[in-house]
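Let's take a walk through this protein together, one piece at a time. Have a look at the model first, and then read on.

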Amino acid sequence: FKWFSPSSKHAGLRLLGILDVQNTPCAREAILHGAGGSVAAGLLYFLATSRVKRSFDVGFAGFMVTTLGSWFYCRMNNAKLRVQQRLIQEGIKNKVVYEGTVMDPTKKGKAEAPSGPS
């Protein structure tokens with residue numbers, strides 16, 4: 001089991017052998033947020049109750065909830081961003097295709113524009 005191979009430039013950290021953290025979008029941030037959520041939840045529960053085992057359980061639950069929440073939030077934002085980028089690319093392509101023609105969406109008829117001072 002190798003963590004880093006000098007001959008492979010794309011080798012990354014694998015979590016549980018299935019999730020390539022370095023190359024998977026949002027994975028690194030989600031795990032870091034989960035670690036912070038775990039520490040915060042476990043420490044706060046321990047300070048409130050002084051129960052060590054239960055604090056560990058609460059910390060683990062905090063890790064799972066924070067990691068999954070951060071993962072889904074990031075993935076949803078990435079999906080929304082990809083849709084917006086696709087719409088912008090189609091708009092730019094249409095502008096290049098129709099620029100200077102009668103179908104140019106940026107050209108407005110002179111009847112629509114106000115004429116003279118009001």
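Let's start at Val-39, which sits in helix α1. Keep in mind that what you're looking at is a predicted model. Is Val-39 buried or exposed? Val-39 counts as exposed because its relative accessible area is 56%, and the cut-off for exposed is over 50%.

Together with Leu-43, Leu-44, Phe-46, Leu-47 and Val-52, Val-39 makes a nonpolar surface patch of about 610 Å². Which element gives the most to this patch? That would be α1, with 5 residues. As for how such side chains can line up, an α-helix has 3.6 residues a turn, so residues three or four places apart point the same way.

Now step back for the whole picture. The protein has 2 helices and 2 strands, and if you read along the sequence they come in the pattern β-β-α-α. Of its 118 residues, 14% count as buried. The accessible surface comes to about 9,900 Å², and carbon and sulfur atoms hold 65% of that.

Next up is helix α2, which runs over residues 52-98. That's 47 residues, reaching 68 Å from the first C-alpha to the last, close to the 69 Å expected at 1.5 Å a residue. Just after α2, look for Gly-100, which takes a positive phi of about 85 degrees.

An unreviewed UniProt entry annotates residues 55-73 as "transmembrane region". In the model, the chain over residues 55-73 is 100% helix and 0% strand, with its end C-alpha atoms 26 Å apart.

Which residues of α2 are buried? Ser-55, Gly-59, Gly-62, Thr-67 and Ser-70 are. What covers the buried residues of α2 includes α1, residues 27-49.

Let's finish by zooming in on Ser-70, in helix α2. Ser-70 counts as buried because its relative accessible area is 14%, with the cut-off for buried set at under 20%. And what does Ser-70 touch, leaving aside residues up to four places away in sequence? The contacts are Glu-29, Ala-30 and His-33. So our walk, which began at exposed Val-39, ends at buried Ser-70.

Key
Residues are numbered from 1 along each chain as its sequence is written. This is a predicted model: local features need pLDDT of at least 70, side-chain atom pairs count only at pLDDT 80 or more; totals for chains, interfaces and linings use all residues. Side-chain values use heavy atoms; hydrogens and water are left out. Helices (H or I, at least four residues) and strands (E, at least two) are DSSP runs, numbered from the N terminus. The expected span of a helix is 1.5 Å times one less than its number of residues. Buried means under 20% relative accessible area, exposed over 50%, partly exposed in between (1.4 Å probe, protein chains only). Contact means heavy atoms within 4.5 Å. UniProt positions are given in the numbering used here, feature names are shortened, and annotations may be inferred rather than shown by experiment. Patches are made of residues with over 30% relative accessible area and no salt bridge: like charges are joined within 9 Å, nonpolar side chains (Val, Leu, Ile, Met, Phe, Trp, Tyr) within 5 Å. Accessible areas come from the Shrake-Rupley method with a 1.4 Å probe; for residues, only the protein chains shown count as cover. A salt bridge is a side-chain nitrogen of Lys or Arg within 4 Å of a carboxyl oxygen of Asp or Glu.
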